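Let's take a walk through a protein model together.

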Amino acid sequence: MLKLSWLYSIEIAVLCRELMSNAALLAQSNLQVKTALTALEEVLFWFDKIAADFLPDGILHQCQIALTEGFTNAVRHAHCALPETTPIELEIRIFSPWIEIKIWDRGEPFNLEKALESVLEMHTDPLEHEGGRGLIFMSKLMDELYYIRLEDHRNCLVMRKQI
């Protein structure tokens, strides 16, 4: 269950950046697509092309699911009122001990921690409800998950998984 404060999450992010500066970067790639669910096929093809050689099958599959959920959430929620031409930017960085996936959107600010807590505190099984399942999948499949608002008014979903 996610119980980290926002400040603690930022401290973890800083520590991870310090650790990453000492890790070997194995692969890195960026992609920009339009705001459309049809772009998911291109996103997954791009991801597989970069990550398949570095990740065991189980971790590759988990990352594909998390990427799918993160991307579709950006399209359906963050960009729901924006034109299809609004770009969604993605980045993959693979280091010797982990993979990092970032998704940038241009939607309104979003409190990921609060949304996850709300979904997980439902009295019934949260997987029986249509809303929030993607957040649960991402939080369960990835080792780190956080969402930050940038000074340029974009948001960045960051997901990390140990390889």
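What covers the buried residues of helix 4? The cover includes helix 5 (133-141), strand 4 and strand 5 (155-162). Keep in mind that this is a predicted model.

Now look at helix 4 itself, where L112, A115, L116, V119 and L120 are buried. Looking down the axis of helix 4, you'll find its buried residues within an arc of 125°, so they line one face of the helix. Slide to the start of helix 4 and you'll meet N111, which has a side-chain oxygen within 3.3 Å of the backbone nitrogen of E113.

Next, go to F110, in the loop between strand 3 (98-105) and helix 4 (112-120). F110 pairs up with Y147 of strand 4 (residues 144-149), 37 residues apart, so to speak a link between distant parts of the chain. The ring centres of F110 and Y147 are 5.4 Å apart and the planes sit at 90°, so this pair is edge-to-face. Y147 is buried, with a relative accessible area of 16%, while F110 counts as partly exposed at 40% relative accessibility. A search of the whole structure turns up 2 aromatic pairs.

The crossing of helix 2 past helix 3 is right-handed. Residues making the contact include L40, V43 and F47 of helix 2, and L60, L67 and F71 of helix 3.

Terms used: Residues are numbered from 1 along each chain as its sequence is written. This is a predicted model: local features need pLDDT of at least 70, side-chain atom pairs count only at pLDDT 80 or more; totals for chains, interfaces and linings use all residues. Side-chain values use heavy atoms; hydrogens and water are left out. Rings of Phe, Tyr and Trp (its six-membered ring) pair if their centres lie within 6.5 Å; planes under 30 degrees apart count as stacked, over 60 as edge-to-face and the rest as tilted. Helices (H or I, at least four residues) and strands (E, at least two) are DSSP runs, numbered from the N terminus. Buried means under 20% relative accessible area, exposed over 50%, partly exposed in between (1.4 Å probe, protein chains only). The arc is that of the directions from the helix axis to the C-beta atoms. Contact means heavy atoms within 4.5 Å. A polar contact is a pair of N or O atoms within 3.5 Å; within protein, one must be able to donate a hydrogen and the other to accept it, and residues adjacent in sequence count only if both atoms are side-chain atoms. A crossing is left-handed if the near helix is turned anticlockwise from the far one by less than a right angle, and right-handed if clockwise.
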